[in-house]
Protein chains: 2
Amino acid sequence: LVVEYDGTHYYGWQVQDHKPTIQQKLEEAARAVTGRKLRVVGAGRTDRGVHALGQVAHVRAALKLGPQQLLRALNANLPDDICVREVTRAPMGFHAQYRARRKLYRYSILNDPLPSPQLRRTHWHMPYPLKLARMRQAAVLLRGRHNFRSFQRAASSHNGSSVRRITSLNVSRRGKQITIDIAGNGFLYNMARGIVGLLVEVGRARIDLKDVKRILSGKDRRLAPKCAPAKGLNLVHIHY
Amino acid sequence: LVVEYDGTHYYGWQVQDHKPTIQQKLEEAARAVTGRKLRVVGAGRTDRGVHALGQVAHVRAALKLGPQQLLRALNANLPDDICVREVTRAPMGFHAQYRARRKLYRYSILNDPLPSPQLRRTHWHMPYPLKLARMRQAAVLLRGRHNFRSFQRAASSHNGSSVRRITSLNVSRRGKQITIDIAGNGFLYNMARGIVGLLVEVGRARIDLKDVKRILSGKDRRLAPKCAPAKGLNLVHIHY
């Protein structure tokens with residue numbers, strides 16, 4: 001399944017007790033359609049308030065419905081802030097999480113003294129001037145293969161390696177809107193928002209390039225600035 | 001005042017009993033700031049659910065606050081779906097409604113078989129294919145000075161002339177999104193949405209160009225198709 005959602009009113013992807021989540025809504029829809037309790041496995045957890053244009057999930061089930069029928073039936077059982085955009089039969093052995101090779105996130109910033117009512121759910125409002133040239137220099141330092149432990153949420157129970165590869169990291173401006181596109185082979189918990197938080201501090205000239213190197217090599221979350229708010233983040237695409 | 005708003009949760013611009021409106025919120029903010037009951041006069045009423053990037057309003061008052069202080073004070077008293085973007089001292093005799101020379105509206109359509117959670121508050125979801133060439137031919141017929149009574153809400157209590165001049169009317173596509181920009185020297189009640197409703201019917205090939213001429217010259221609301229939904233409409237700019 002390829003799934004789009006407006007994450008504003010959800011406690012993220014993963015099922016939680018007594019709190020609405022995207023996974024829960026999809027599993028409820030799958031149950032309403034098939035009469036069975038199916039597990040919907042996502043490519044990755046998105047945090048509370050994060051959006052997706054192209055989240056991917058898989059379901060293991062023998063169904064009589066074809067992909068197009070299943071798509072329509074699921075959407076008929078989903079609220080209007082979640083939409084299944086594609087359903088395809090996956091090859092044997094497919095796994096939405098383990099087979100993901102590259103993920104593309106987009107982060108949106110409104111860089112203007114005044115907030116915007118029309119962009120308030122999807123953009124981080126940053127009233128201070130940002131120097132894009134500085135942000136791009138910092139982006140160069142973050143691209144490639146690094147240990148990103150400094151960008152991983154401290155309380156994260158993630159075991160194993162914190163080494164990931166950022167394959168592209170681009171900062172662009174169009175009028176008052178700044179877009180940061182981040183692609184990588186994997187993301188630690190809070191990593192995308194941590195990178196944006198750092199780039200913005202560099203853009204505000206509160207952190208310089210030497211500090212970026214120090215933060216990255218320090219491998220300690222406490223060195224890095226606050227991560228950017230969830231509402232600006234959008235999971236755009238996942239390559240398999 | 002230049003005012004941006006997300007109209008989703010409002011019953012339009014104009015003050016009504018027991019229903020939240022943009023004018024009401026601005027007048028409440030003005031009262032909180034000045035301690036006085038001031039009338040906030042808008043350039044035009046926007047309907048329930050219509051958005052604005054550049055609504056204009058005036059207030060007549062002798063205040064000690066300068067324009068920038070007033071802007072900050074008003075915004076501190078407004079909800080996050082309304083923002084005053086500019087405050088300037090108006091010249092003597094200025095009137096937000098009567099001195100408006102040209103208004104620019106933008107209408108946004110999502111032209112895709114599936115709805116989009118992220119665009120659902122700002123785009124009309126139109127799942128059927130639309131032929132832009134046809135819509136543009138129809139737009140040519142609507143441009144210029146005409147009696148637009150066929151695009152005026154039937155129940156409208158508008159007196160006086162229904163003659164208005166559409167100075168530009170452009171239809172463009174970018175991916176799945178279609179944008180219709182309409183500028184004119186004035187708009188009758190529901191006229192912008194009526195024009196979009198007609199263009200979409202032409203784009204679906206349910207109405208042809210001969211019918212467009214007939215509808216326009218018929219001067220009767222019952223001849224025209226249903227008007228487009230409010231959520232796709234945005235009042236972008238007003239020239240004085």
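Trainee: Is A:His51 buried or exposed?

Mentor: A residue is called buried under 20% relative accessible area, exposed over 50%, and partly exposed in between, with a 1.4 Å probe and protein chains only. A:His51 has a relative accessible area of 3%, and therefore it is buried. Please note that this is a predicted model, in which local features need pLDDT of at least 70 and side-chain atom pairs count only at pLDDT 80 or more, while totals for chains, interfaces and linings use all residues. Residues are numbered from 1 along each chain as its sequence is written, chains are lettered from A and ligands numbered from 1 in the order in which they are written, and side-chain values use heavy atoms, with hydrogens and water left out.

Trainee: In which element is the place of A:His51, and which backbone atoms does its side chain reach?

Mentor: Helices (H or I, at least four residues) and strands (E, at least two) are DSSP runs, numbered from the N terminus. A:His51 is placed in strand E3 of chain A. A polar contact is a pair of N or O atoms within 3.5 Å; within protein, one must be able to donate a hydrogen and the other to accept it, and residues adjacent in sequence count only if both atoms are side-chain atoms. A polar atom of the A:His51 side chain lies 2.9 Å from the backbone nitrogen of A:Gly7, and the side chain also reaches the backbone oxygen of A:Lys231 at 3.0 Å.

Trainee: Which residues is A:His51 in contact with, leaving aside neighbours within four places in sequence?

Mentor: Contact means heavy atoms within 4.5 Å. Among the residues that A:His51 contacts are A:Tyr5, A:Thr122, A:Leu235 and, from chain B, B:Gln118.

Trainee: How is chain A related to chain B?

Mentor: Two copies of a chain are related by a rotation about an axis and a shift along it. Copies are superposed by least squares on the C-alpha atoms of residues with pLDDT of at least 70 in both. Here a rotation of 180 degrees, with 0.0 Å of shift along its axis, superposes chain A on chain B with an RMSD of 0.0 Å. That is the relation of a two-fold axis. Of the interface residues of chain A, 100% are also interface residues in chain B, so the copies meet through the same surface.

Trainee: What is the area buried between chain A and chain B?

Mentor: The size of an interface is often given as the accessible area lost when the parts come together. Buried area is the accessible area (1.4 Å probe) that two parts lose on being put together, summed over both. Between chain A and chain B this area is about 1900 Å², and carbon and sulfur atoms give 43% of that. In chain A, the residues that lose the most area to chain B are A:Arg85, A:Pro117 and A:Gln118, together 32% of what that side buries.

Trainee: How many salt bridges are there between chain A and chain B?

Mentor: A salt bridge is a side-chain nitrogen of Lys or Arg within 4 Å of a carboxyl oxygen of Asp or Glu. The count between the two chains is eight salt bridges. One of the pairs is B:Asp6 with A:Arg120, whose closest N and O atoms are 2.9 Å apart. On the side of chain A that touches chain B, strands E1 (2–5), E3 (51–58) and E4 (82–86) and helix H2 (67–76) of chain A each give two or more residues. E4(A) gives the most, with four residues.

Trainee: Which strands does strand E1 of chain B join?

Mentor: Two strands pair if DSSP finds at least two bridges between them. E1 (residues 2–5) of chain B is joined to E3 (residues 51–58) of chain B by three bridges, and these strands run antiparallel. B:Tyr5 has B:Ala52 as its bridge partner in E3(B). Four bridges join E1(B) to E4 (residues 82–86) of chain B, again antiparallel. There, B:Val2 has B:Glu86 as its bridge partner.

Trainee: Which residues of helix H2 of chain B are buried?

Mentor: An α-helix has 3.6 residues a turn, so residues three or four places apart point the same way. In H2 (residues 67–76) of chain B, the buried residues are B:Leu70, B:Leu71, B:Ala73, B:Leu74 and B:Asn75. Their cover includes helix H1 (22–34) and E4 of chain B.
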